[in-house]
Amino acid sequence: MTDPLRILLLGALAVPAIGAAVGPGRREWIRAAALVTTCVTLALVTVLVICFPGGARELAVTDVPWFGAAGGIDIRFSVGLDGLSVWLVGLTALLMVVAVLVSWEAIQEQASAYYRLLLLLETGMLGVFAARDIILFYVFFEFTLIPLFFLIGIWGSEQRRYAAVKFFLFTLAGSVLTFLSLVAIVVLNYEATGVLTFSIPRITASLAAHPIPEAAQLAIFLGLFAGFAIKVPLFPLHTWLPLAHVQAPTAGSVILAGVLLKVGTYGFVRFSLPLLPEATAICMPWLLWLSVAGIIYGALVALAQQDIKRLIAYSSVSHLGFCMLGVFALNRLGMQGGVLQMINHGLSTGGLFAMVGMLYERYHTRKIRDLGGLAHRTPVLAFFFVLFTLSSIGLPGLNGFAGEFLLLIGMFQRGWAEAGGRWAPHYQVISVLALTGVVLGAWYMLWLVQRVFFGPLREPGHHEDKGSQPEQAVRDLAAREVIALALPSVFIFWIGIHPAFFLNKMDATLSGITDRGMAAVDARGMAGQEEFPQQAPRRSIVGESGGEAGLPLQTTGWMDPSGAAFAAAGGHGHFGRVWPEAPSDRPTFLATTRTDP
Amino acid sequence: MSAPVVVLAPEIILVVVAATIYVAGAFARSRDVWVWLALGGFLSAAVAMVMLSVGAVGGPISVDGMAIYVRWLALGLGALLLLTSSRPSGQGSTPEYVGSLLLTVAGVMLAAASRELVLLFMGLELVSIPTYILLYLGRRDAASQEAATKYFFLSILASAMLLYGFSFLYGATGSTHLAVIGQRLASPEAGSLWLARAAMVLVLAGLGFKIAAVPFHFYAPDVYQGTTHANAALLSVVPKLAGFVALVRVVDVALEGARDDAWPIVLILAVATMTVGNAMALWQQNLRRLLAYSSIAHAGYMLIALAVSMATGFGTTTAWEGMAALWLYLLVYAVATVGTFAALSCLGRGAESVQSVEELTGLPWTGGRVRPVLAWTIGLFMFSLAGIPPLAGFWGKLAVFASALSVEGPVEGIRGWFIVLAVVGVLNAAVAAAYYLRIIGVMFFRRPLGVPRVREGTGGALAVAIFSAVLAVAIGLGPGIWFRDARRAAIIEAEAPRPLPMAAGGVQTADAGLRPGGEVGQGVGFGSGL
């Protein structure tokens with residue numbers, strides 16, 4: 001495995017760490033060095049993303065013994081990228097540049113320590129997504145807590161100390177159980193096969209042949225759940241999130257919302273689904289209920305917020321609910337939508353948090369009622385804010401739509417088109433509730449935009465604390481800030497206009513992950529079918545090959561996972577070779593849009 | 001000089017140097033001379049260790065993997081403790097202080113190498129008695145005297161219980177040699193194991209004091225608070241080292257017959273120790289008191305590893321060995337704890353060192369060169385003690401919990417107990433993070449406020465703090481060799497000599513010589529050469 005690209009990945013991991021080691025100096029130098037470091041990392045990662053060919057093969061794999069032969073335990077330093085991690089690595093590298101740019105003026109004190117911690121955090125986050133060894137994953141997973149703890153606690157707002165400690169302890173309490181579960185997976189795999197390995201791909205492969213007993217799977221699943229669900233955060237475990245997001249410095253919020261929450265969903269996709277398929281199938285309805293509860297709850301609480309940052313923090317709860325919903329719909333569309341939505345949320349919410357920081361730097365307030373009509377004062381900021389808002393609420397043509405649409409289709413498919421056994425009504429209710437969440441999401445975000453950026457101009461009366469000229473009008477975005485927002489905007493449009501580019505490259509990896517979960521769900525669904533013989537057999541709305549299928553309104557698939565099949569255009573959807581089996585007499589919601597070739 | 005004695009050359013060197021310092025200290029009271037001489041003593045003991053890397057010797061002395069590991073650890077920690085304490089407050093008593101420290105280390109090394117009850121007890125007392133002197137020398141105030149007195153009385157009570165337990169063992173088997181004891185208890189003629197069980201309980205109680213396990217922990221917070229940082233560092237690692245090595249030798253290996261009764265007791269002790277330690281630490285304001293409870297809690301994690309090695313049976317090789325986990329954990333714990341105390345002992349106002357957590361407020365932002373370094377090292381040790389990767393403490397936790405999860409004992413249902421133990425353990429680790437984070441939070445998240453000064457003459461302690469921090473990171477990033485060494489430490493020479501007839505043997509003290517592989521030597525004992 002002498003992949004020349006692995007040098008790039010190792011470089012991407014090492015560059016921020018080296019940057020963090022650069023000695024103390026003046027603030028101007030330190031922040032410039034940090035910017036160069038993150039840009040170099042972004043360049044390296046960009047090459048990796050462009051070179052990623054798609055397919056199930058891993059890219060840029062480095063696999064060397066970490067412990068050496070001496071340790072007697074084969075824990076390896078093993079990193080690589082597949083169709084799932086490559087996007088998250090890309091997202092991390094992108095948002096880190098944004099994070100440095102938004103910290104540019106905001107961080108005045110202890111800048112050297114600040115940027116060092118930020119860069120260490122970058123290494124940690126890239127490592128989480130790139131790790132192919134369970135222990136290495138956990139090391140990076142936990143390590144990210146340390147820099148973020150300091151970032152919130154030292155540079156945060158008024159309640160920063162409480163927020164930092166609560167964030168750390170909440171996350172740690174869950175992740176120690178995750179740790180135990182990960183070790184338990186290794187031990188059980190060792191007992192089943194006699195091979196003590198920590199390699200995630202090897203364990204995934206060998207557990208497919210020697211599945212863990214169901215009871216143990218459930219226990220391990222719950223352990224993993226404890227850590228990942230807190231990280232996501234799933235509905236009842238989200239209480240640390242608003243506090244940490246609001247109290248963190250702007251860059252901290254961007255990173256926290258943009259990247260670190262995805263570590264939770266990533267953990268579910270990487271570990272829970274492929275390693276514990278039976279437990280996943282058992283817990284699926286419960287997780288879907290929790291996800292949809294989070295969607296609705298987060299949206300309702302966001303509606304009631306007076307503080308812009310809090311509002312966006314609660315919108316994260318809602319959006320991550322969507323991601324989880326897609327992932328745990330356990331079919332290809334849902335999974336693709338869920339993963340795409342992870343990226344989308346990182347881009348749009350990261351950008352929104354960045355802009356809240358910019359507003360705060362100008363007005364020293366985050367209260368909605370203090371502000372109004374800012375579109376007159378800061379048109380460029382308003383433009384970006386509206387753009388990111390529209391992305392966040394899923395306007396067609398922007399990224400949010402692609403992800404939300406896919407994952408909702410996946411969920412509806414779970415509810416109507418696939419065997420759900422006695423849970424089928426639940427899935428149907430969940431699907432509908434999730435749609436309500438979309439509406440609520442549009443409501444609170446657009447209402448926020450309306451109150452803050454439109455209507456009569458309203459600004460906090462005075463800002464003497466700036467100390468400079470009394471008649472210093474608030475300036476619109478500087479070039480630095482425009483760049484910070486333009487970077488994610490590019491991808492907001494790109495994913496929105498051509499999601500197939502992204503979906504194609506992630507499809508093979510994701511289907512590998514979903515297949516086992518789907519099989520387990522089907523097994524259980526079939527078991528339930530004896531009670532419900534009228535249930536229609538599972539049909540796929542995703543055909544095996546869609547190339548030949550006639551596409552009514554366009555020539556190429558708009559969202560075309562692996563050229564397979566899923567095209568949607570202007571209300572006249574066509575689903576590849578849709579029904580391999582004879583269509584049942586029971587109409588599904590999709591059947592109405594179906595056209596026979 | 002016969003072979004077994006040569007093997008003890010490092011200990012002998014330390015004792016000779018200590019005696020020299022005691023005697024000559026009466027005439028030359030310069031501090032530096034004695035510190036350097038003691039360091040020289042440690043160095044020559046280390047050289048002796050390297051040159052005398054003999055295999056098994058037999059008789060009452062054993063240089064198996066565990067003995068080698070613990071002796072090296074004791075030497076290294078001894079050197080660190082010496083540098084930490086290079087400024088005891090009473091200027092006049094330096095020779096006594098340094099000499100006692102050397103004797104303590106010699107005691108741990110002797111206990112590690114002995115496989116005979118009398119020699120083991122001697123080693124343990126060689127740890128305890130100089131410790132009393134160290135505690136008296138630490139500070140000259142009422143609290144310090146109270147601490148020393150409290151430690152003295154409880155320690156001799158513990159020693160008495162231990163000795164009582166040893167006498168039961170002797171009564172049950174007619175031998176003081178651990179291998180012989182183990183083999184006779186395991187033989188069918190051994191009859192009732194009640195004496196052995198009683199002995200096991202008494203030994204656990206006596207050694208529980210040394211490691212500060214929970215029902216025997218009450219002295220720790222008071223004594224730590226009453227004494228100096230350097231002494232607290234010593235108390236939190238040296239008796240633990242001696243206590244665990246003795247526990248392994250006596251309870252885990254020799255009392256194999258009573259193992260089925262022993263592991264549940266140790267398991268309960270482990271749960272109680274870590275839970276009480278962590279819960280009590282949450283409320284502490286005094287730094288040394290907090291760290292005392294923290295060291296109690298860490299003894300609990302180590303007891304998990306001990307329970308694992310007892311439950312799985314000695315000599316079985318699972319993927320994760322409890323014994324190796326124990327030694328790795330002790331190492332990473334000792335590095336972080338000694339480092340913390342060393343860093344704290346650099347700070348103070350005048351002669352008084354820092355006492356309460358609040359005194360560290362805003363430490364990293366106070367300017368100067370040394371204080372930020374101290375703050376960051378303390379922060380690092382706190383994260384290491386909390387077990388956050390990639391620091392050393394994480395690997396200790398990984399080894400301990402992984403060993404608990406891989407228990408496959410002969411008894412049905414045993415696994416469930418250890419899974420529960422592991423879950424309790426990790427939750428405890430999360431609780432523990434709360435008070436470690438509190439220290440970090442006080443230091444980093446507040447503005448400086450009446451900041452303590454860096455005390456004079458604490459260059460040695462600063463060096464220890466920095467060295468320990470580097471070591472904690474180095475172990476964290478490259479844990480391989482440390483795992484290897486810990487696994488070697490799990491090699492314990494336990495082969496008993498050829499079955500000896502109980503009746504005919506009568507009272508056979510330590511005269512059953514051993515060679516590697518269980519081959520019977522020819523009556524090699526104290527006096528005879530190999």
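A residue counts as buried here if 20 or more other C-beta atoms lie within 10 Å of its own, with C-beta atoms placed from the backbone. The legends below describe a predicted model.

**Figure 1. Helix H8 of chain B is mostly covered.** The helix spans residues 178–186 of chain B. Of its 9 residues, 8 are buried.

**Figure 2. Met66(B) is a buried residue of helix H4 in chain B.** Helix H4 of chain B covers residues 65–84, and Met66(B) lies within this helix. Met66(B) is classed as buried because 25 other C-beta atoms lie within 10 Å, where the criterion asks for 20 or more.

**Figure 3. Three strands of chain B form an open antiparallel sheet.** The strand order is E2-E1-E3. Strand E2 (352–353) and strand E3 (453–454) of chain B stand at the edges; each has a single partner strand, so one side of each is left without a neighbour in the sheet. Strand E1 of chain B comprises residues 347–349 and pairs with E3(B) in the antiparallel sense over 2 bridges. Within this part of the sheet, Leu347(B) is placed opposite Val454(B) of E3(B).

**Figure 4. Chain B touches chain A through residues drawn from several helices.** The contact involves 27 residues of chain B and 33 residues of chain A. On the chain B side, the elements that contribute two or more residues are helix H16 (392–405), helix H17 (414–444) and helix H19 (480–489). H17(B) supplies the largest share, 11 residues. By residue class, the chain B side of the contact consists of 22 nonpolar, 3 polar and 2 charged residues.

**Figure 5. Chain A contains 20 helices and 2 strands.** The chain has 597 residues, and buried residues make up 59% of them. Considering contacts in chain A between residues at least 6 apart in sequence, 78% join residues at least 24 apart.

Note on methods:
Residues numbered from 1 in each chain as written. Chains lettered and ligands numbered in written order. Predicted model: local features only at pLDDT ≥ 70, side-chain atom pairs only at ≥ 80, totals over all residues. Contact = placed C-beta atoms within 7 Å. Helix = DSSP H or I, 4+ residues; strand = E, 2+ residues; numbered from the N terminus. Nonpolar A, V, L, I, M, F, W, Y, C, P; charged D, E, K, R; others polar. Buried ≥ 20, exposed ≤ 12 C-beta atoms within 10 Å, placed from the backbone. Pairing = 2+ DSSP bridges.
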